[in-house]
Amino acid sequence: MLFNSIDFLFFFPVVIMLYFMLPAKWRWIFLLGASYYFYMCWKVEYALLILLSTVVDYFVAIQMGKQETKKERKKYLYLSLLVNLGILFGFKYFNFVSGNVQDLFQFFGASSGNWVHDLLLPVGISFYTFQTLSYSIDVYRGDIVPEKHFGYFALYVSFFPQLVAGPIERPSRLLPQFRETFDFDYARVTDGLKLMTWGFFMKLVIADRVSPFVDVVYSNPEKYVGLQVILATVFFAFQIFCDFAGYSLIARGSARIMGFELMKNFRRPYLASSIREFWQRWHISLSTWFRDYVYIPLGGNRVVKWRWYYNLMLTFLISGLWHGANWTFLAWGFLHGLYLVVELVLNPVTKKLEGNKILSAGLKFVAIPSTFVLATFAWIFFRANSISDAFILIKNS
């Protein structure tokens, strides 16, 4: 079930009505059932994948809680990583990897057979996988204690407002909220409905309206030139923002109506004055996830300069691959990593220029539009069907 569906139009009011009618002690059971029903409306069998991840990570965390050192907890963390990333790889990346291996075999004139399997990608698998992994990693680090209540943990993994498209919540923020009792509050419900209304406006009125033009141009890159390509690319920049930000607002609004607070996921990213600031404003739950669980464990900026740049590039390459199993997403991630490295290299120069009032004013004047242009250029690779299509679009623009 998607937010912008007739099914959700009937599902959500019924859930809210029954949620507030039920005694507080039964609400978690109702929400858990509603969340699984929400997901099973898309494909019943794939709810088993969420259940598998939930059972494994619940068991893993309980066992890690019994160990005194990280060394003793590590084998359980590896089990969580193996199961969750294994499922994600099997459904999302196996065909990409096997297809490229087959191409490599054919390049050298060897036969490799057909390894591609025909499986539908489970909706939201990247989001709930990262959400449950953050729990396992936090327990491993000792940042949180294991959740003993299986039902609360299962609800944390499957909570329907943010199950399909985030925000990717942290256990320390969301899990404690399931133990609270929220009464019906008119002001809070009104605030939630306002968020949902604005989210639906962004999704249905903006994103879905510009999508057809973008699809036509990007599906036939050789047929369009100049202003048509530029407009399609700019339109896509706003389409993807309104799509993701709209969904996040609907998620936050629907959760707030029930009393739950989800994190703010977007803060006017196209008003950023640098790529670094852009990533502090764009898909915040995801960018902070990669910061805390990939970039910082790699060493972050607490290493020699070349390793710092390497950490940035690797983090953004992984981030690109998270978005989709295609070379275009890797190229998009590479570009953003490159942008950040160049910003760091030029940082001493920009600081000197900022010492001059006239030059500093000039930098501020061009910073926001320049950042928007760089981010929008990278979107070409994100949206293009292939690397070759992306270069055709760049050539024709």
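1. Helix 9 is the main contributor to the lining of the second largest pocket, giving 6 residues. The structure discussed here is a predicted model. The second largest pocket holds about 780 Å³ of space, and 25 residues line this pocket. Those nearest its centre are F127, A165, F244, H323 and F382. Two or more lining residues come from each of helix 5 (125-141), helix 8 (186-219), helix 9, helix 12 and helix 14. By class, the lining of the second largest pocket comprises 15 nonpolar, 5 polar and 5 charged residues.

2. The largest pocket contains about 1300 Å³ of space. Its lining is made of 40 residues, and S274, R276, E277, L340 and E343 are the closest to the centre. At least two lining residues are supplied by each of helix 10 (275-281), helix 11 (284-295), helix 12, helix 13 (327-354) and helix 14. Helix 13 gives the most, with 10 residues. The lining of the largest pocket divides into 18 nonpolar, 14 polar and 8 charged residues.

3. Across the whole structure, a search finds 3 cavities of 30 Å³ or more, and the largest cavity has a volume of about 40 Å³. The residues lining the largest cavity are I240, F244, W282, H283, H323, W332, W379 and F382. Helix 9 (227-258) and helix 14 (357-383) each provide at least two residues of this lining. In the lining of the largest cavity, 6 residues are nonpolar, 2 are polar and none is charged.

4. Helix 4 (residues 70-107) and helix 12 (residues 305-323) pack with their axes 10 Å apart, at an angle of about 105°. Angles of 65 to 115 degrees count as roughly perpendicular, and helix 4 and helix 12 are therefore roughly perpendicular to each other. On the helix 4 side, K92, Y93 and F96 meet L321, W322 and H323 of helix 12. The residues of this contact comprise 4 nonpolar, 1 polar and 1 charged.

How values were computed:
Residues numbered from 1 in each chain as written. Predicted model: local features only at pLDDT ≥ 70, side-chain atom pairs only at ≥ 80, totals over all residues. Heavy atoms only, no water. Axes fitted to C-alpha atoms, helices over the stretch in contact; angles between N-to-C directions. Helix = DSSP H or I, 4+ residues; strand = E, 2+ residues; numbered from the N terminus. Parallel < 35°, antiparallel > 145°, perpendicular 65-115°, else oblique. Contact = heavy atoms within 4.5 Å. Nonpolar A, V, L, I, M, F, W, Y, C, P; charged D, E, K, R; others polar. 1 Å grid on protein atoms, 1.4 Å probe; cavity = no way out; pocket = protein on both sides within 12 Å on 5 of 7 lines; lining within 4 Å. Points joined across faces, edges and corners; volume = space filled by probe spheres on them.
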